[in-house]
Amino acid sequence: MARLTWHGHSCFLLETDDGQRILFDPFLDQNPASDIKADQVGELDFILVSHGHADHFADAIPLAKRTGATLVSSFEIVSFVQSQGVENAHPLSIGGGHTFDFGYAKMTPALHGGEVAGDESGKFTTMPGGWWLELNGGKRVYHAGDTALLTDMKLLEGQVDVALLPIGDNFTMGPRDAIRAVEFIKPRTVIPMHYNTWELIRQDPHAFARAVGSRAKVVVLEPGQSHDF
Ligand code: NI
Ligand code: MN
């Protein structure tokens, strides 16, 4: 059994069938929606960072240093974290993937902003991305990152078991476009993310679930809750 635990916003812990612990978009200490702080995460094998905004990246460097986990992200973000003393890091570019201990991870396109939080030099501006993972054993997870609706999502059709999709609107897709994303991707299960962290991205995830209807199973998590698949 693989397990996804939501820690609010876009931060998920993925525990794989073979015991690897992968954290997506660490944003815990300053995350008003999180159920835990960064020092409660436990051991990690990998940290996957979709883009450099603080609400996806804030705890990535300290967690990588504490746990020794390999931080996987864009070439520019990896260059930045290495400049800050992170030793284990692996760069990818959009459309490129690599086989890690847990399986294959590919960086998918996202239409969003490229600032890297903490980079005072301004040299590490990056392309934001998302993640398509094919875990050992075949389970496939898509973490969209922060993005607008993209027709490129059609390329994932039939290749996703669990899709983690932003629904908050304002900075990312809102519920209506997220439903179109579900139509494009046809995942088995959808877990909404990037909502209700702040008033500006307040949404009703249960209304979203009803609107998705029979297109996919929608699992609405509270921070700290898990979905096994
Ligand atoms: Ni962002
Ligand atoms: Mn964000």
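Let's start with the contacts of P166. Setting aside neighbours within four places in sequence, P166 is in contact with A144, G145, T147, T172, M173, A178, M193 and H194. Keep in mind that this is a predicted model. P166 sits in strand 11. Buried or exposed, then, is P166? Buried: its relative accessibility is 0%, and under 20% counts as buried.

P91 is 75 residues away from it in sequence.

F171 has a relative accessible area of 43%. That falls between the 20% and 50% cut-offs, so F171 is partly exposed. F171 also belongs to a nonpolar surface patch, together with W198 and L200. The accessible area of the three together is about 310 Å².

Now the metals. Which residues coordinate the nickel ion, ligand 1? H51 through NE2, H53 through ND1, H112 through NE2, and D146 through OD. The distances run from 2.2 to 2.3 Å. Along the chain, the donors follow the spacing H-x1-H-x58-H-x33-D.

What about the arrangement around the nickel ion? There are 4 donor atoms, and the angles they subtend run from 88 to 175°. Tetrahedral would need all angles between 85 and 135 degrees. Water is not among the atoms, so sites may look incomplete.

The manganese ion, ligand 2, lies 3.2 Å from the nickel ion. D146 coordinates both ions.

H51 has 0% relative accessibility, so it counts as buried. H53 comes out at 16%, and it is buried too.

Last stop, Q20. Where is Q20? In the loop between strand 2, residues 12-15, and strand 3, residues 21-24. Its relative accessible area is 15%, which makes Q20 buried under the 20% cut-off. What does Q20 touch, not counting residues up to four places away in sequence? L14 and E15, then D45 and F46, then D101 and F102.

As for the patch, it is F171, W198 and L200. That's my tour.

How values were computed:
Residues numbered from 1 in each chain as written. Chains lettered and ligands numbered in written order. Predicted model: local features only at pLDDT ≥ 70, side-chain atom pairs only at ≥ 80, totals over all residues. Heavy atoms only, no water. Donors = N, O, S within 2.8 Å, 3.2 Å for Na, K, Ca; no water. Tetrahedral: all angles 85-135°; square planar, octahedral: opposite > 155°, others 65-115°. Buried < 20%, exposed > 50% of the residue type's maximum accessible area, 1.4 Å probe, protein only. Patch = residues over 30% accessible without salt bridge, like charges linked within 9 Å, V, L, I, M, F, W, Y side chains within 5 Å. Areas by Shrake-Rupley, 256 points an atom, 1.4 Å probe, with all protein chains shown as cover. Salt bridge = Lys/Arg side-chain N within 4 Å of Asp/Glu carboxyl O. Helix = DSSP H or I, 4+ residues; strand = E, 2+ residues; numbered from the N terminus. Contact = heavy atoms within 4.5 Å.
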